[in-house]
Amino acid sequence: MEHIMKTSGAAKRSQKGHGIRHRGQINAPSTFKPPPRVTLTDTKREVWLKDLANPAISLRRLSRTIPHGIRGRTLLDQCLNKNVPAERAVWLAKCVGANEIRGLKRKGVNGAFVMGGELKWARDWTVFVEQFVDAVVAGFGENDWKNRVTYAIRLATNLYSEQLLDRDHYLDWVVSGIENSLQSRIPMWLLIAQIYWKDLLRSRKYGRRLVFALLSHLHVISNDPDRDLLVQLSSRLSALLVSLIRSNPESFINPGAWSTYKDTLHACLRSDDEQARKALHAINSRNSRLVVSSTASPPAGRSQLVKLLDAALKESSDNHLAAACWATSENKALIMRTVVEWATSFHRPGLAKVYAAARLIRQWSQFRVNPTTPILETLDNIAPNDKARKNLVYHLVTELVRTGHFSVSQYMQWTIARGGYHCAAEIDPVSGPCSSRLLVELPLHSLSERKRAERANLLRRAGNYSVAEEEQDIANAIRVVKHVVGLPLLSNDPLSGRKPMSLKRLLQRMGGSSTALRSSIGAHLRDELTGQFIMKGHPLSLTMFTAVRDIMETAEDYAMLSDILGACAKTADSDVLASVADTVHSNLQIFCALDSADELFNSLIERLRMMNEEQRLVPRPLLAALDSLAQRMAGHEVIASQLRQELVQNDRNNAIDACSPVSDIVATPSHQAENNVAEEVEKTLSSGTRLDPPTMNKLFRMIIPALERGWEKEDDTRRVLATLLARIRVFDAHHFDKLMTDWTSHIRSIPNRSSLSTLFPLLIITGCLTMPIIMSTASPPFANIQSLAPESSRGPATYLQELLQLVIMPLPQATGLIAEEAYRFHTEQKCAKFEQSKGLLNLVRNALLEYSTVRNHVDGTEFPLDNIECQESLLETLRTLVLVDSSAVSNALGIKALPAEAVGLVRKVTTKLLIPGDSGDTQISFDHILQIANELTLPFCQLKLNLDLSLPQPSAIEGQDQSSSRFEIFARAMDRAIEAGNIMWTSLLPCLSDDITQHLKTQAQTGFLDLVPSSKAPDFVDTVSRQSLRMAENLLEVVEAIISGQAPPKMAQLSLSMVEKLTDLWEIVAAGPQERPNCHAAVLQHWLPAMLRFVNLHSLSSEPPSAPLPTASATRPPIPPVHDVRARIVLVLCGLLLDLETLPPATVGSLVQQVFDIAILLVDALPEELRANCAKAILLNPGGMPNQGTSSDPRLYYLFSSPPPSPSDNLMLSHREKAATPQSAAARGMGAQYGIGPVVQERLSPFILRRWEVLSEPTPNVGENDTSLSLGLFEAIKLQ
């Protein structure tokens, strides 16, 4: 009974306390409302704002009459102007914002509309704050600017910290401000950015942009000529970047931009800051690992060197060429050897390369390098029957011996060490090896008596070679040359009384002579002319000059010719000066390589000025020659423009005042019509200074028929009428060229006409026809060309071949041109290869089509392209065109665009281009092409591969896809080349045609992905074998070579198969080494790094790193599928990252960092929506509950630019529900006795804190529950 009474007392006391607590608890519903806004007059509003600025007046009092109309930018400006304390300004902003947001909710129809309206309002409010800060900062001319800026920044910072801004938009504005800032405003932007430094750097999206904006500004300042004035700014930027290197290295990972700024960043590090230097080295390594470049390529130095050398042939002399070439590699012996191989290469046409190489070697002599050794190493690589390359070596050695840069003593010692000479065959001019024949070809005039004696002793053993006879031959040749040229001989010389040998015969003999004899003739002529003849007041006549020029060009001694031209430019008359200008123009490439072109041009211009001052009249031939030369001289554009204007003015005057050419036409009945035409043209031209198009058309139609008649007769009227045409052209060149284009196209259709070489060259030389015009007529052959098949070699069916022959071959004798005009036309032919390469290539292609068609339908007739000399000229032209633009040649000669008749001919031509001396009928295998591929043959191998891969292979099995057969054969050839260690050919892959490259890439991609191991596969033995790993590496090299050599695609080439294979590797890593240790180790060491590289290669694209933030109301375009794949790969990489962290560091090495860097690279191009979805999938988000699939790793928050949850983000709302079953009286008694209440079920839901409604003084009237957070949520008790 006592026990029952005690229990009953305890229950009563508990019930009493419970009742007291409930009587004090606040149960009233929340009465919170934002302070209302009222309409006030302007005066009252001003008074209210002044009261707001006064801290002594309470906010509760002010909350009664918040005026309407203060919102947005106006609110901020009023707070600034009234100097309202920041805390009170924030209170006002909250009051206004809360009312506006509640107004949006009242208008809203559904939740999505309300949410979108709130986001838009927050975005607009943020823009107002940004504009406010911008305007205050920009007003630096206002009074009290510093205080105003301080207030604006403080207010914006308070709004940001209270989370009353759209943080993404605001941070984007801060970073954009730094990126686009002028140098004068960078310090202010840095001040603003450092307030939000941590938030910016904990996000990949903003951290990368911030870092590279700072780097960009520092780079610009470092390259500014006035950088000493900006030293304080650069020091500040350097200090910030150095600190970021240590604290945020991941923000520097951006391989696309890193190469631009790494040197600038390295330069700003202190030499004693070892920690920063190590951090920079690590960042550089991480970026280098992500750069897409072919790992299979040979050392870049050699390829880069060949590119520089080839570019030097296309352009004028570059003063920085020697330094640029020398810096391509640390292996200086490799540089020297490459230059020698390039200078003596069959695949580089012309002699300019020899002089360019000799000049480079002379310039490098200051570094005390020995060029003799690489030259000697090259000698044995030249076949005895390779006449072209042997002559190039002799030429190069001659130039170097003349200046003392080739050691003849070392060469003779080298020869003796190899056993010396034993028979005459070793020095045979045709079949003798280059290494032994070189001793005969040395320039004797540059050797000392001692070296001549040593040379004679060595040669005596080679079939009793007589040095005395050799010297006598050279002396006789020099006497004959002097006699032919017209230089004085000794009085007792027997040749004095004889008739000189003809120049043509002399040149023929010189062409077959040794380099030693030709170099001796060149040196003697140079000494004779410059030292004794010209300088003593005996200027050369035009006849003597042209003879000397022909001899020197035949001897190919342009170094000596350059000295002769320099002497002539100072003393010769106007006719010789014009010929000097023509000579420089014709051989401009060589004189640029000799570095004498500018000096010669300047000398000629100086003589022109002197003549102008002395005679007040410059002969037109000299003016025209200098004008043509000036148009090709780089760096002399101003002079070229002046010369062109002067020539046009001269021609205009001459066109009116010139003497009539009618007298040049012989007055015979057969020429009466031509005479009438000339008189009529003269009468029209003398009537005024203008010529309108109708009149020009009339004159043109009068002259052209007469010109065609003269062309058919091949008489002198051609020149007279061509001169008339040239005079007409002066009045309106544009209209005249249209008329000439139409007429030239008409000539193509004329049957049984005369040769093109008897008319076109004359028209070109007189200036009324240009190379581009005749190239424009080279359209594809007529469709009915088979019916036009000729009985003769001239007509519509052979026009293109004739035109090609005219453009690339030396002119025949009977063309109506004098020697100087023929020389000038030859110069036009040379220029066309470089300046009209596109038109010339089109002509070559269509001429080959024409030839193959008519050759297949007509037998017994010889066509222009049957000529052996024409074929050789065509090959030489194609070599030049391949070097100018190999891709264009490959496309023009593409098999798919050619008819079947032309395929065999094109294959023959490309074979001859690749292999010197080949007949063209050799079947070259893919293995052979890959074997001979190197830096020098690369463009020619590319051309050959493109053509052969477009052809069906003869070994294709009947019924099998021939295209697949070709590629399979080539794939096997690639495998064999890789196994043999030959990797140079990989540079060919990106240069092949698009369809071939795509096919090879697809095959390599499929093969690689098939080799990647999978946990689903029953057996891993094959996937971990050394053979499979090697094959995967080879396939990856092929893919990398193709991708790295092409322009980035518009979109990344990622695919779902990559996601699957990466997931398979992730599963193997996650399973651990327990089940299959060998496979697990192989994946970590080989397969995963290879797969990461594979993904990296295919992530390359030209799209921007990330899209700008869309507005809330913006209509978003559909997300491309590749971005969905990108997001999947990023999520797999995140899983890999977390699982690799659980393995021992010694096992994974740098794999964790590699995975993270690839994820960084991929996420940069991820659209904002997908980035947010990925963050939701893997990160512990605000209001979410931890589980196995989520992570709170800081690196992942950085990766997805997602802010980590703050304490306020984790607030949860508890919903308590009592048990549905009522308790008995006994149970209630037991609960009261032991303090056990009824069972309560608790359910949690995220609680969203309304930031805008967190007000300290919300309403003017104090209520029981008037706070923005309802007091009932906390079971608050009201104090009595």
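Mentor: What follows is a short tour from the whole chain down to single residues.

Trainee: What should I know before reading any values?
Mentor: This is a predicted model, where local features need pLDDT of at least 70 and side-chain atom pairs count only at pLDDT 80 or more, while totals for chains, interfaces and linings use all residues. Residues are numbered from 1 along each chain as its sequence is written, and side-chain values use heavy atoms, with hydrogens and water left out.

Trainee: How many helices and strands does the protein have?
Mentor: Helices (H or I, at least four residues) and strands (E, at least two) are DSSP runs, numbered from the N terminus. Here they come to 58 helices and four strands.

Trainee: What percentage of the residues is buried?
Mentor: Buried means under 20% relative accessible area, exposed means over 50%, and partly exposed lies in between, with a 1.4 Å probe and protein chains only. Of the 1280 residues in the protein, 50% are buried. Accessible areas come from the Shrake-Rupley method with a 1.4 Å probe, and for residues only the protein chains shown count as cover. The accessible surface comes to about 60800 Å², with 53% of that belonging to carbon and sulfur atoms.

Trainee: What do the contacts say about sequence separation?
Mentor: Contact means heavy atoms within 4.5 Å. Taking contacts between residues at least 6 apart in sequence, 75% join residues at least 24 apart.

Trainee: How do I read a nonpolar core, and which residues have the most contacts inside the largest one?
Mentor: In soluble globular proteins, nonpolar side chains tend to be buried together. A nonpolar core is a set of buried Ala, Val, Leu, Ile, Met, Phe, Trp, Tyr and Cys residues joined through side-chain atoms within 4.5 Å. The largest one here has 180 residues, and Phe 760 and Leu 763 have the most contacts inside it. Helix H52 gives the largest share of this core, 12 residues. Leaving aside neighbours within four places in sequence, Phe 760 is in contact with residues including Ile 747, Leu 769, Tyr 799 and Leu 806. Apart from that core lies another, of 114 residues, among them Tyr 411, Met 510, Ala 559 and Phe 591.

Trainee: How many aromatic pairs are there?
Mentor: A pair of aromatic rings is described by the distance of the centres and the angle of the planes. Rings of Phe, Tyr and Trp (its six-membered ring) pair if their centres lie within 6.5 Å; planes under 30 degrees apart count as stacked, over 60 as edge-to-face and the rest as tilted. The count by this rule is 17 aromatic pairs. Phe 1008 and Phe 1094 are stacked, at 4.7 Å centre to centre and 20 degrees between the planes. They link distant parts of the chain, 86 residues apart: Phe 1008 is in helix H49 (residues 994-1011) and Phe 1094 in helix H52 (residues 1077-1098). Phe 1008 counts as buried because its relative accessible area is 1%, and Phe 1094 is likewise buried at 1%.

Trainee: Which pair is tilted?
Mentor: Phe 1156 and Tyr 1198 form a tilted pair, 6.5 Å centre to centre with 45 degrees between the planes. Helix H55 (residues 1151-1163) holds Phe 1156 and helix H57 (residues 1194-1199) holds Tyr 1198, 42 residues apart. Phe 1156 is buried at 9% relative accessibility, and Tyr 1198 is buried at 5%.

Trainee: Which residues do ring pairs link into a cluster?
Mentor: Tyr 160, Tyr 170, Trp 173, Trp 189 and Tyr 196 are linked this way. A charge sits over a ring if NZ of Lys or CZ of Arg is within 6 Å of the ring centre and within 35 degrees of the ring normal. The charged end of Arg 167 sits over the ring of Tyr 160, 4.1 Å from its centre. Asp 134 is in contact with Trp 173 and Trp 189, and also with Arg 185, neighbours within four places in sequence aside. Asp 134 belongs to helix H6 (residues 111-138), and it counts as partly exposed because its relative accessibility is 30%.

Trainee: Why is helix H19 described as largely enclosed?
Mentor: Six of the eight residues of helix H19 (residues 372-379) are buried, so the rest of the structure largely encloses it. Its buried residues include Pro 374, Ile 375 and Leu 376. Among the elements covering them are helix H17 (332-343) and helix H20 (387-402).
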